Amino acid sequence: MARHEETPVPTFASLKEVYGEGSQLEEAQLRFGNLKSKFIQVFGHAPDVYARSPGRVNLIGEHIDYEGYSVLPMAIRQDTIVAIRKHVSGEAEKVLKIANVSDKYSLCTYPAESDQELDLKHHQWGHYFICGYKGFYEYVKAKGLDVGPPVGLDILVDGIVPTGSGLSSSAAFVCSSTIALMATFGVEVPKKEIAQLTCECEQYIGAQSGGMDQAISIMAKSGFAELIDFNPIRATDVQLPAGGTFVIAHSLAESLKAVTAATNYNNRVVECRLAAIVLGIKLGMKPQEAISKVKTLSDVEGLCVAFAGKNGSDDPFLAVKEFLHEEPYMAKDIEKIIEEKLSSIFANSSSSLDVLNAAKHYKLHQRAAHVYSEAKRVYAFKDTVYSNLSDEDKLRRLGDLMNDSHHSCSVLYECSCPELEELVTVCRDNGALGARLTGAGWGGCAVALVKESIVPQFILNLKEQFYQSRINQGVINKNDLGLYVFASKPSSGAAIFKF
């Protein structure tokens, strides 16, 4: 039997296959009915096909996927649905019309050109569909598949993954767009290839994504978190212990990953690459060799572990402690070590050059220390799940690992914010076994591991101690609270619907 990631995204004729029974199915039936009605209203035809892809919450393993390390997310029930119709020959306009069921987003129009460039200075929500569109055409070209010349498309989007939440609304949008295009043009691809493709797609919008968000959105299975490995992409089911539930709570500080990339997300990617190159040189590589061969901290882990071995350890942090000082590095300090201008190392990446222009200094020690310690926590999390401990002890240990992860994200990686710190503290004060920021950080959500028996009271306490003051200030409407704090079990991954 083929491994899960080797199979294509499934196609269903019934919503039950994905949304189950009860209120979740009823909500899905309403959404799909509304989507079809709105599609006919906007475009004058019904869609050919629908594709859905879920958001995700990362349980542990933050900011390490782009360093080549495994992560442990689960899909959530909130998803993005893309309805699409291919124009038939004879229809006049060769354009892509992208509409949204929400009035918040106006109609976007793009040329039906597979090699178009995105104007990143003028960010439009429709850019995320074009990421998938460009990636789709590059994929079929690379595979030698003939899908004919580009034609006009009508697209309607319904996304209920909260934007700026750290729950991967952008990946859900790019993945569902790419899958909808593949279904429209009859291209069937293994899930692992779609995960890789959609990760590369999101880079068109200027985010140097690591691949976790796309991999879990495509490959998730109901009832399981997934240990996602990279190079090659692989998913391993992780069944969480009985008696615990994850509660996801929005800090109400928006995490604008694409907009703030130069100072936040992409800045950390650059700092990690520089830390890895410096470690490589300090551990015996020639500067030019390190610059050409070392892309991530996982590339030099072997050298770090070998160094640690001389001191009776296998912890790569020993090399970080020895060779990267805690004081921030100036650009000239790094250039002296690597014997090269930073701008020439990143000459082929405009998003990295934006980082160099914005950066005042580089905290190499702290970023490397986070990545190596967080990578170990992911495997400690998985090992705990499969250990002989009682479920109660497992939950307690998982909570401790989540707390340690948050401390590292906050102190070493500096990707938290005051609202997240307050929210994590409130979660712990109200009985969470562990709580941490999730997603890129700088806003967005926290995830808390909570005993199932106290979930209703826990959510009520969050409302009173964190959200009520925001409701009073008019930041959110109290009727919308369910969008900002909710319990979630692991949900299913991407799917195609043809009715």
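**Backbone and helix packing**

Modeller: Before anything else, please keep in mind that this is a predicted model. Asn231 has 68% relative accessibility, so it counts as exposed, the cut-off for that being over 50%.

Colleague: And where does Asn231 sit in the fold?

Modeller: Asn231 lies in the loop between β7 and β8, and its phi is positive, about 55°, although the residue is not a glycine.

Colleague: What kind of peptide bond joins Asn231 and Pro232?

Modeller: That bond is cis, with an omega of about 0°, and Pro232 is likewise placed in the loop that runs between β7 (225–229) and β8 (234–238).

Colleague: Switching to Glu414, what is its phi, and where is it found?

Modeller: Glu414 has a positive phi of about 50° without being a glycine, and its place is in the loop between α15 (391–412) and α16 (418–429). Because its relative accessibility is 30%, Glu414 counts as partly exposed.

Colleague: OK, helices now: at what angle do α7 and α14 cross?

Modeller: The axes of α7 (residues 265–282) and α14 (residues 364–385) cross at roughly 95° and come within 9 Å, which means that α7 is roughly perpendicular to α14.

Colleague: Which residues meet there, and how many are nonpolar or charged?

Modeller: From α7 the contact includes Arg268, Glu271, Cys272 and Leu274, while α14 brings residues including Leu364, Arg367 and Tyr372. The residues of this contact divide into nine nonpolar and three charged, with no polar ones.

Methods. Residues numbered from 1 in each chain as written. Predicted model: local features only at pLDDT ≥ 70, side-chain atom pairs only at ≥ 80, totals over all residues. Heavy atoms only, no water. Helix = DSSP H or I, 4+ residues; strand = E, 2+ residues; numbered from the N terminus. Buried < 20%, exposed > 50% of the residue type's maximum accessible area, 1.4 Å probe, protein only. Axes fitted to C-alpha atoms, helices over the stretch in contact; angles between N-to-C directions. Parallel < 35°, antiparallel > 145°, perpendicular 65-115°, else oblique. Contact = heavy atoms within 4.5 Å. Nonpolar A, V, L, I, M, F, W, Y, C, P; charged D, E, K, R; others polar.
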